[in-house]
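Subject: Structure handover

Hi,

Here is the structure for you to look at. My notes on what turned up follow below it.

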Amino acid sequence: MFSYELIESNERAVVYFKGDLDIEVTEIMEEQVIPLLKNYKKVDINMSEVLFVDSTGIGLLINLVDTLRNTENGIKVTISDIQPQVQEVFDIIQLKEILGEEVFVLST
Amino acid sequence: MGQSIIAKGRTIHDAIHIGLDILGATREQVEIEIIQQETKGILRIGSKPAIVKLTKIEQAEKTVPDIEDMIQSIDISEDSKTNNPAKEEHKEVISDDHLEGKVWVHNGKIFCKTSPLYYPTITAGRGIKLYKNNELVNGTIVVTENDTFEIKTEEEVVETKWKIMIDENKLNAILYIEPGMRKTYTIQDIDPSPHIELNGEEHIEVINDLDYEQVLQELQRLDIVHGINHEAILEALNVTKAEKFVIASGISPIQGKDGYIELLIEIDSENKKPMIRTDGTVDFRELNNIPTVNKGQVIAVVHPPVQGTPGITVTNETILPKQTQPIFVQLGQGAAFVENGTKIVATETGRPYFEQNGLLVKVSIVPKLIHSGDVNITTGNIRFKGDVEILGSVEDSMNVQADGNVSVLKNVNKANITAKQSVYIGQNAIGSTIISGNHNIFVSEAAHLLMQIQMQMEKFILSIKQVMNASAFKVTDFHKKGLLPLFKLLLDHKFRTLLTTIKQYIEMCKRGNNLLDAKWAKLGENLHSCFLSSVPNEWHSLERLNQLLNDIKELLVEHSIPNEKYCSIELMYALNSVIYCSGDVTIYGKGCHHSKIHAGGVLKVNGIVRGGELYARLGAIIKEAGSEGGAPTRISVPADQKIRIDLVREGTIIQIGKIRYTFQKEERWIEAFLDEQDRIIFR
């Protein structure tokens, strides 16, 4: 089951995704995560506890990053601590080229 | 005087010993004269050997008979008149000097005569073994009278080799024979000389010991029973050099004949060219040589296949002839079978059309529409599933489309002519588009796009498989959305070009709607459903994706089979026109101005090419190209083709393959092609 945890300091938020990022996450992502993160200036998405993804999940992630970046205050989004197996999937899809290389950081 | 020698040694004592050895004498039989005492140097520097001269003391009783013996031997070899004692005497005197220090061979024996200052030498050569005092000699040795020599000749025997081979089809048994031989050497007499090389003379005796019975046994062992040629075997028993004989042969099968269709009317496209008048112009009214058949006329006979006769191998097996196939006739409009499908008759009047592809023949009668006046707004456009002959002109923005040939006896003005087969225009094409052949400009462009799509789709499928195989990838959303979310991800960035190519293809299908076969458009629809749809559908599966790829491949293969022998465009003059033909394009009259021409075959212009772009896939032959005014004229052919121009003006551009050349001055009688280094060569 997917859950998330938010740790904030000043205007910066780190959101820890826990569990599989898949089609089941659609509602949580759209109804909770996006509204929650909209008001920070910097957001880091920590993926250290995401072990599996599906294509809808990757789509949600892309949508999340794009939505946050396109808000009025232009949030700076990073993704960190990606598991190697998940990174493999991202590489095939060329997620780096889709989101931009600066989004991916090793860890926070 | 006895013989004497000079001998060297480390000490006087050594030198004497060496000398005695050479002379074969004892110390008592020689006089010794010391020529040089040895000098001992330090570490051999400055040392000198001892030198002595030994002279054999004459002992008449013993030495003289020796010499006489020798001389008698010489007489045998050199002089047959041995009975003449006077001569013998005379000879003795001469021989003595003559033979001094020489060695010779006579009757297989070695003789020599040493001199005090010279010892003859002998080299053992090929074919013999030389023993000196019972020791085998290698190379060159010194000969003295006291040595005993023995010569043994060598002998080499090669066995007869033979074998029987059966060829691939088992139609022939071949006996290869290489007769054996015995190689012997004899010793020839050698005249006296200070040095002789002893070689045996080679004698080769061929021994063919092939046995008739042996051959028969081997044939039996190989199960060869059919068509044995005993004469050839007997001949083989007597050959003296390596040879081969066919000693048994089977019977080749006689191949049958596939079914075929015999045409009873002349349809050769070469004969349906319009008449050319003596002044070089063309009379398109003389198109009567286009064959026409009437209702009920027999147009072809269908011949059934003829079975072949089986053959037989040398091992008595049956060789079946190739299976023969009947021809398969597909009848189109206006043609029917009679007499159990052995004859084809026309049920309509028109032009017979045959198309053969392997054993499949399509036969139909192409109906003909004759339009007696001009085609204009009052007559309307013409679309006809057959040939169209227009006795007048085709006027402003009118369309003529035909599945067969189109002939327009006058002009085509600002109009479009599309024929699946040939187009003849009796006069001029002005501001018009003329297309001939199935493979029109849209098809070749669509095929080009499809090829790119095919390549990218292969990679696309590969990527999907890769993602699916990744350990962290879940397929939780497949039952709801299929592969659509994954497609979207991949098309978002990695395969963005695939998306644009597919869009271009679909656009191309729309534009070429009525010129493209429905298959192309159908494929476009499927591509749209698969890649451009935003809602999940049945196309979003690997299976369907592979199927789509297969469809693309099939269509491309179909497209690549040329079937263009009936396509050509012929006209007198073109101005501001687009001419696209998958076969030859011929312009008989003044030429073409500012026109774009694409010829899938050979392009011939009997007049002037002024401005425009011309492409000829199988080469271009042009009388005059370029303009003094400088309107750009470009003529291109593929890399393996030639461009021939009788008169080319400054500024004309030719392109062969990817190599371009612009003429800087007027030239005549050029023929341009590419050499192996991709340079344009003129001749």
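Two strands pair if DSSP finds at least two bridges between them. Helices (H or I, at least four residues) and strands (E, at least two) are DSSP runs, numbered from the N terminus.

Ground rules come next. This is a predicted model, in which local features need pLDDT of at least 70 and side-chain atom pairs count only at pLDDT 80 or more, while totals for chains, interfaces and linings use all residues. Residues are numbered from 1 along each chain as its sequence is written, and chains are lettered from A and ligands numbered from 1 in the order in which they are written.

**A sheet in chain B**

Chain B has 11 helices and 49 strands. Three of its strands make an open, antiparallel sheet, ordered E8-E7-E10. E8 (135-136) and E10 (149-153) of chain B are the edge strands; each has a single partner, so one side of each lacks a neighbour in the sheet. Strand E7 (residues 128-132) of chain B runs antiparallel to E10(B), and 5 bridges join them. Lys132(B) has Phe149(B) as its bridge partner in E10(B).

**Where the chains meet**

Contact here means C-beta atoms, placed from the backbone, within 7 Å. On that basis 21 residues of chain A touch 21 residues of chain B. On the chain A side, helices H2 (55-69), H3 (84-93) and H4 (95-99) each give two or more residues. H3(A) supplies the largest share, 6 residues. By type, the chain A side splits into 10 nonpolar, 6 polar and 5 charged. Nonpolar covers Ala, Val, Leu, Ile, Met, Phe, Trp, Tyr, Cys and Pro; charged covers Asp, Glu, Lys and Arg; the others, Gly among them, are polar.

**Helix H3 and the cores**

A residue is buried if 20 or more other C-beta atoms lie within 10 Å of its own, exposed if 12 or fewer, and partly exposed in between. In H3(A) the buried residues are Val86(A), Val89(A), Phe90(A), Ile92(A) and Ile93(A). They fall within an arc of 160° seen down the helix axis, so they line one face of H3(A). The arc is taken over directions from the axis to the C-beta atoms. Gln94(A) follows H3(A), with a positive phi near 60°.

A nonpolar core is a set of buried Ala, Val, Leu, Ile, Met, Phe, Trp, Tyr and Cys residues joined through C-beta atoms within 7 Å. The largest has 56 residues; Val53(A), Val86(A), Val89(A), Ile93(A) and Tyr505(B) have the most contacts inside it. Another core, of 50 residues, lies apart from it and includes Ile417(B) and Val605(B).

Best wishes

Key: Two residues are in contact if their C-beta atoms, placed from the backbone, lie within 7 Å.
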